[in-house]
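Subject: Structure handover

Hello,

Here is the structure we talked about. Please open it and keep it beside this email as you read.

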Amino acid sequence: MWKIPLSDVRLGTAEIDAVEAVLKGGWLSMGAVSAEFEKDFSDFTGANFCFAVTNATAALHLACEALGVGPGDEVIVPSLTFVATANAVLYTGATPVFADITSEADLTISAAAIEAAVTPRTKAIIVMHYAGYPCDMPAICALAEKHQLFIIEDAAHAAGSYLHGKHLGTLGDVGCFSFFANKNMSTAEGGMVTTNNAALAEKIKLLRSHGMTTLTWDRHRGHAWSYDVAAIGYNYRIDEIRAALGRVQLASLSERNQKRKQLTNHYFRLLKDSEIGIPFMEHPGLSACHILPIVLPKNSDRTRFMENMKQLGVQTSIHYPPVHLFSAYEPLRATAKLPLTEDIARREVTLPLYPTLTESQVEYVVASVRESFASSLTAK
């Protein structure tokens, strides 16, 4: 039904061949291909330790558990994010404390808002690199050191994003990546946990698979015949099929991200003189350009705008409804003072962005934006 969809996932013969090889090989659970995928991701990001997992939510949960987050602790998180960022904190029995975003031009969590939210109970900070654009990591790392806090990077949007020459997800204590179906690299479902800390790596490795000291693959190779359970862990393993997909997708990620960057710059050029807000136009670092957010003026009706775009055949979305406004988070809402988050979330719209999008299609989207915007204005 869409002339231009929001995203477009295409897998080629290389992905099909890689999956077929696994199916023919007869070993489907986490094994040699998964280990190779982890090594590839380590080489790509520069992280010393990488652990492939079943999804990014599992990655976030493992990060919290490995850092010892638990009942009585507080973890500062953004609200303008997917709900998994905060849910992972609740899984441990800790309390998420929401901090505001930086500005209309920078939708990442504010370092100043983080510092204002620190209490004696604060154990960690989870930053989310929105759309693949880096949070203010120098400032956030400095305040984490000042208050002796851990940093978890929600890098679900950031495979292939860099700040000052370092890959996002390697700047804090633990990084968490998503390989969901619509991400820049996809394994259908899947994720990765990264760290440079050897002690944390041992905890993550243990917790990922039931707390078992040896796994089926180890015993298959004759490295052990039994095992101990040294911690109460989880079944967060990836499988060989998705790991095979990941290896192929990772090999071409930089090329696809470069195309996303070119298309993003084309959007910027075409929209920069409009009344519509364009976040991240002047932002440090190299972004993976996962999504293309715009912010409508306050005198615009977003519902009408998005309906107009639909009538023109252009799919749009919202990133994100604020977490603290969800029904399940009502008990935490009274303490969440997030005027910028709430204001921007009411006006944000996400436009189509994917590597197979053409510049002429971007031009059609922008023409549709201008037409839809004009008819969405409300009386002041």
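First, a definition: two strands pair if DSSP finds at least two bridges between them. Helices (H or I, at least four residues) and strands (E, at least two) are DSSP runs, numbered from the N terminus. The model is predicted: local features need pLDDT of at least 70, side-chain atom pairs count only at pLDDT 80 or more, and totals for chains, interfaces and linings use all residues. Residues are numbered from 1 along each chain as its sequence is written, and side-chain values use heavy atoms, with hydrogens and water left out.

**The sheet**

Strands of a sheet pair through backbone hydrogen bonds, either parallel or antiparallel. Here, seven strands make an open sheet with mixed pairing. Their order is E1-E9-E8-E5-E4-E2-E3. At the edges are E1 (49-53) and E3 (95-99), and each pairs on one side only. From one strand to the next, the twist averages 20°. Angles run from 0 to 180 degrees between N-to-C directions, and axes are lines fitted to C-alpha atoms, for helices over the stretch in contact.

Look at E9 next. E1 and E9 run antiparallel and are joined by five bridges. Phenylalanine 49 has threonine 195 in E9 as its bridge partner. E8 and E9 also run antiparallel, with four bridges. There, glycine 175 stands opposite threonine 194 in E9. Further along the sheet, E2 (residues 74-78) and E4 (residues 122-128) pair in the parallel sense over three bridges. Valine 75 has alanine 124 in E4 as its bridge partner.

How many of the five residues of E9 are buried? Five of the five are, so E9 is largely enclosed by the rest of the structure. Buried means under 20% relative accessible area, exposed over 50%, and partly exposed in between (1.4 Å probe, protein chains only). Gly191, Val193 and Thr195 point one way from E9, while Met192 and Thr194 point the other way.

Helix H3 (residues 56-66) lies across E1, E4, E5 (150-154), E8 (174-178) and E9 (191-195). H3 runs at about 170° to E8.

Now find H7 (residues 198-208). Its buried residues are Leu200, Ala201, Ile204, Leu207 and Arg208. They cover an arc of only 135° around the axis, which puts them on the same side of H7. The arc is that of the directions from the helix axis to the C-beta atoms. On the other side of H7, Ala199 and Glu202 are exposed. The cover over the buried residues of H7 includes H2 (32-45), E1, H3, E8 and E9. Contact means heavy atoms within 4.5 Å.

At the start of H7, a side-chain oxygen of asparagine 197 comes to within 2.9 Å of the backbone nitrogen of alanine 199. This is a polar contact: a pair of N or O atoms within 3.5 Å; within protein, one must be able to donate a hydrogen and the other to accept it, and residues adjacent in sequence count only if both atoms are side-chain atoms. After H7 comes histidine 210, with a positive phi near 65°.

**Threonine 45**

Threonine 45 lies in H2. At 6% relative accessibility, threonine 45 counts as buried. A polar atom of its side chain lies 2.8 Å from the backbone oxygen of phenylalanine 41. The side chain of threonine 45 also reaches the backbone nitrogen of alanine 47, at 3.2 Å. Threonine 45 touches Cys50, His167 and Thr170, not counting residues up to four places away in sequence.

**Aromatic pairs**

Rings of Phe, Tyr and Trp (its six-membered ring) pair if their centres lie within 6.5 Å; planes under 30 degrees apart count as stacked, over 60 as edge-to-face and the rest as tilted. The count comes to eight aromatic pairs. One is tyrosine 133 with phenylalanine 280: the ring centres are 4.2 Å apart and the planes at 0°, so the pair is stacked. Tyrosine 133 lies in the loop between E4 and H6 (137-147), and phenylalanine 280 in the loop between H10 and E10, so the pair ties together parts that are 147 residues apart in sequence. Both tyrosine 133 and phenylalanine 280 are buried. Ring pairs also link Phe37, Phe41, Phe177 and Phe179 into a cluster.

Best wishes
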